[in-house]
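Colleague: I would like to learn how to read a few features of a protein model, with the general idea given before each case.

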Amino acid sequence: RSTQIDKDRQRSTQIDRTPQPDHITPVTKNTATSPKDHTTETMPKKVAIVYYSMYGHVKTLAGAIKEGLEAQGMIVDLLQVPETLPQEVLEKMHAPPKDETVPTANAADLPQYSGIIFGIPTRFGMAASQMKSFWDSTGGLWSTGPREPSRASRREYSSPPARRTVAKKPLR
């Protein structure tokens, strides 16, 4: 009986050590003109980085990811999700203006990418409402399904809560 328990315990603690891919590999396109010619040409992948950044922190991280992917030979587009807050509220929050050089993300454009990375800031432990609104707009894509499988990744960014400093009073 004890040997069976030991075997079960050993099986339950085994970890799947299958290597996982840590990068996206380029797709190869067969350019052969005849069955004898088996040459291939490497096509770079096209990746979208879709993000929301009120104060520019997530945008900075998205730019760093873009540089890394481009160094690997990929074509990368930065896309920012539409702002849902009124300009008056943004001014009261001292939010800097959005970068006009970065195009606004549109759910209808996502199927053209072979990979999508989402930069998601958090507010009180949840995704920012701007990202939730954009994600809701992609419902039609999931119901019809893409023609080719795509890869997706998400990066959530959160800052630690502000610490309150309490003055220490000497005990008397």
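Colleague: In which helix does Val 89 lie?

Modeller: This is a predicted model, in which local features need pLDDT of at least 70 and side-chain atom pairs count only at pLDDT 80 or more, while totals for chains, interfaces and linings use all residues. Residues are numbered from 1 along each chain as its sequence is written, and side-chain values use heavy atoms, with hydrogens and water left out. Helices (H or I, at least four residues) and strands (E, at least two) are DSSP runs, numbered from the N terminus; Val 89 lies in helix H3, residues 87–92.

Colleague: Is Gln 130 buried or exposed?

Modeller: Buried means under 20% relative accessible area, exposed over 50%, and partly exposed in between (1.4 Å probe, protein chains only). Gln 130, which lies in helix H4, has 4% relative accessibility and therefore counts as buried, whereas Val 89, at 31%, is partly exposed.

Colleague: With which side chain does the side chain of Gln 130 make a polar contact?

Modeller: A polar contact is a pair of N or O atoms within 3.5 Å; within protein, one must be able to donate a hydrogen and the other to accept it, and residues adjacent in sequence count only if both atoms are side-chain atoms. Here the partner is the side chain of Tyr 52, at 3.2 Å.

Colleague: Which residues does Phe 134 touch?

Modeller: Contact means heavy atoms within 4.5 Å. Not counting residues up to four places away in sequence, Phe 134 touches several residues, among them Val 50, Val 81 and Phe 118.
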